[in-house]
Amino acid sequence: MTPEELRSFCLSFNDAVEDFPFTPETSVFKVAGKMFALSALAGSPLTVNLKCDPDMAVQLRAAHPEIVPGWHMNKRHWNTVTVEGALPDQQLRELIEDSYDLVVAGLPRAQRLRLDRP
């Protein structure tokens, strides 16, 4: 997955926006003001921080060397994924969608319904 494809996929979700609250080089993708992905799209190697269920995070890290505890994040709830690694693009898309869904699940019911994600 290229940086452009990563950006495009993150922005394809309902109400997803790109913001730059930290530095102009760090893209933060949010839904309803809550972060679900963070990446320095010009970085080499390309990595992305994604929210993850804590139990699943441990399993993913054990199974994939390109998935490690989140850099500068709560390591229990966030993973850093090296995009240019051996992880298939489809699995990366699923991890991004899971991150988005976890954030949406924490929103008030009215916001979840507005996003068509009960």
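1. The model is predicted. The lining of the largest pocket divides into 6 nonpolar and 6 polar residues, with no charged residue among them. The space in this pocket comes to about 220 Å³. Its lining includes Phe22, Thr26, Trp71, His72 and Met73, together with Leu38, Ser39, Ala40, Thr47, Val48, Asn49 and Thr80.

2. E4 gives the most, with 3 residues.

3. Strand E3 covers residues 34–39 and strand E4 residues 47–51; the two pair in the antiparallel sense over 2 bridges. Leu38 has Asn49 of E4 as its bridge partner. Both Leu38 and Asn49 also belong to the lining of the largest pocket.

4. On which residue of E6 does Asn49 look across? Asn49 stands opposite Thr80, and Thr80 is likewise among the residues that line the largest pocket. E6 comprises residues 78–82 and runs antiparallel to E4, the two being joined by 5 bridges.

5. Strand E2 (residues 27–31) is also joined to E3 by 5 bridges, again in the antiparallel sense. Lys30 has Met35 of E3 as its bridge partner. E2 and E3 form a hairpin with 2 residues between them, and Ala32 in the turn has a positive phi of about 50°.

6. E4 and E6 each supply at least two residues of the lining of the largest cavity.

7. Helix H2 spans residues 54–63, and Pro54, Ala57 and Leu60 in it are buried. Seen down the axis of H2, the buried residues fall within an arc of 115°, so they line one face of the helix. The face turned away from that buried side carries Asp55, Val58, Gln59, Ala62 and Ala63, which are exposed.

8. Against which elements do the buried residues of H2 pack? They pack against strand E5 (67–69), E6 and helix H3 (89–105).

9. Val17 lies in strand E1, which covers residues 16–19. Val17 counts as partly exposed because its relative accessibility is 42%, and the cut-offs for that class are 20% and 50%. Apart from neighbours within four places in sequence, Val17 is in contact with Leu11, Val28, Phe29 and Lys30. Lys30 is the residue whose bridge partner in E3 is Met35. Between Val17 and Asn49 there are 32 residues of sequence separation and a distance of 16 Å in space, C-alpha to C-alpha.

Note on methods:
Residues are numbered from 1 along each chain as its sequence is written. This is a predicted model: local features need pLDDT of at least 70, side-chain atom pairs count only at pLDDT 80 or more; totals for chains, interfaces and linings use all residues. Side-chain values use heavy atoms; hydrogens and water are left out. Two strands pair if DSSP finds at least two bridges between them. Helices (H or I, at least four residues) and strands (E, at least two) are DSSP runs, numbered from the N terminus. On a 1 Å grid over the protein atoms alone, a cavity is a set of points where a 1.4 Å probe fits but cannot get out, and a pocket is an open set with protein on both sides within 12 Å along at least five of seven lines; lining residues have an atom within 4 Å of a point. Grid points are joined across faces, edges and corners, and a volume is the space filled by probe spheres set on the points. Ala, Val, Leu, Ile, Met, Phe, Trp, Tyr, Cys and Pro count as nonpolar, Asp, Glu, Lys and Arg as charged, and the others, Gly among them, as polar. Buried means under 20% relative accessible area, exposed over 50%, partly exposed in between (1.4 Å probe, protein chains only). The arc is that of the directions from the helix axis to the C-beta atoms. Contact means heavy atoms within 4.5 Å.
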